[in-house]
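Student: Could we go through this structure together? I have not looked at it before.
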Amino acid sequence: MKFGLMGTSSSGKTTLAKQLSEYFKFDIVKEIARKYPRELLGFESIQYDIFFDQMRSEMFSGKNVITDRTCIDNYIYINYHFKPRKYLLNLIRAWVQTYDLIFLCKKLDFIEDGFRSRNNIENDLINFFKNNLIEYEILEGNKEERFEKAKNIINRKLNK
């Protein structure tokens with residue numbers, strides 16, 4: 001099974017990915033963008049590298065996996081800042097089918113960590129889900145509430 005965590009910066013994705021991975025013994029696909037120097041993130045070619053590196057990491061992950069970010073996040077970022085190549089939308093629509101479920105983590109209070117920006121793509125993500133008929137669950141509340149809700153949803157999916 002593959003569960004994707006999405007959301008804007010400072011929405012608790014990494015914390016939740018670690019909690020869920022530990023609880024379910026799932027692999028984590030870490031946020032690929034963190035491997036790139038921050039000063040390079042504004043370049044279109046780097047964003048495409050991140051997109052395809054994220055996809056590659058997900059492709060070669062284990063049988064059961066939690067993704068800390070998804071390729072969809074990368075697509076939305078590219079779409080927001082650059083003119084995406086025409087094939088990218090079809091590719092991302094097909095790739096969405098590889099997830100059993102996507103969780104949208106609602107924004108928390110911003111924590112400066114030297115990597116994140118205050119970029120808020122939450123509305124863009126929701127619009128993308130709705131326009132492309134993508135099933136998703138919203139996670140909000142504190143980290144314990146988010147974990148409990150996600151854990152219950154994943155347990156239901158696993159027990160089907």
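Tutor: The buried residues of helix H1 are Lys13, Leu16, Ala17, Leu20, Ser21 and Phe24, where buried means under 20% relative accessible area and exposed over 50%, with partly exposed in between (1.4 Å probe, protein chains only). They share one side of H1 because they cover an arc of only 130 degrees around the axis, the arc being that of the directions from the helix axis to the C-beta atoms. This is a predicted model, in which local features need pLDDT of at least 70, side-chain atom pairs count only at pLDDT 80 or more, and totals for chains, interfaces and linings use all residues. Residues are numbered from 1 along each chain as its sequence is written, and side-chain values use heavy atoms, leaving out hydrogens and water.

Student: Which exposed residues does the face turned away from the buried side of H1 carry?
Tutor: That face carries Lys18 and Glu22.

Student: And what covers the buried residues of H1?
Tutor: The cover includes strands E1 (2–6), E2 (27–29), E3 (65–68), E4 (101–105) and E5 (136–139), together with helix H6 (143–158). Helices (H or I, at least four residues) and strands (E, at least two) are DSSP runs, numbered from the N terminus.

Student: What happens just after H1?
Tutor: Lys25 takes a positive phi of about 60 degrees there.

Student: New topic: at what angle do H2 and H3 pack?
Tutor: Helix H2 (residues 44–59) and helix H3 (residues 71–81) pack at about 170 degrees, on a scale from 0 to 180 degrees between N-to-C directions. They are therefore roughly antiparallel, a term for angles over 145 degrees.

Notes: Contact = heavy atoms within 4.5 Å. Parallel < 35°, antiparallel > 145°, perpendicular 65-115°, else oblique.
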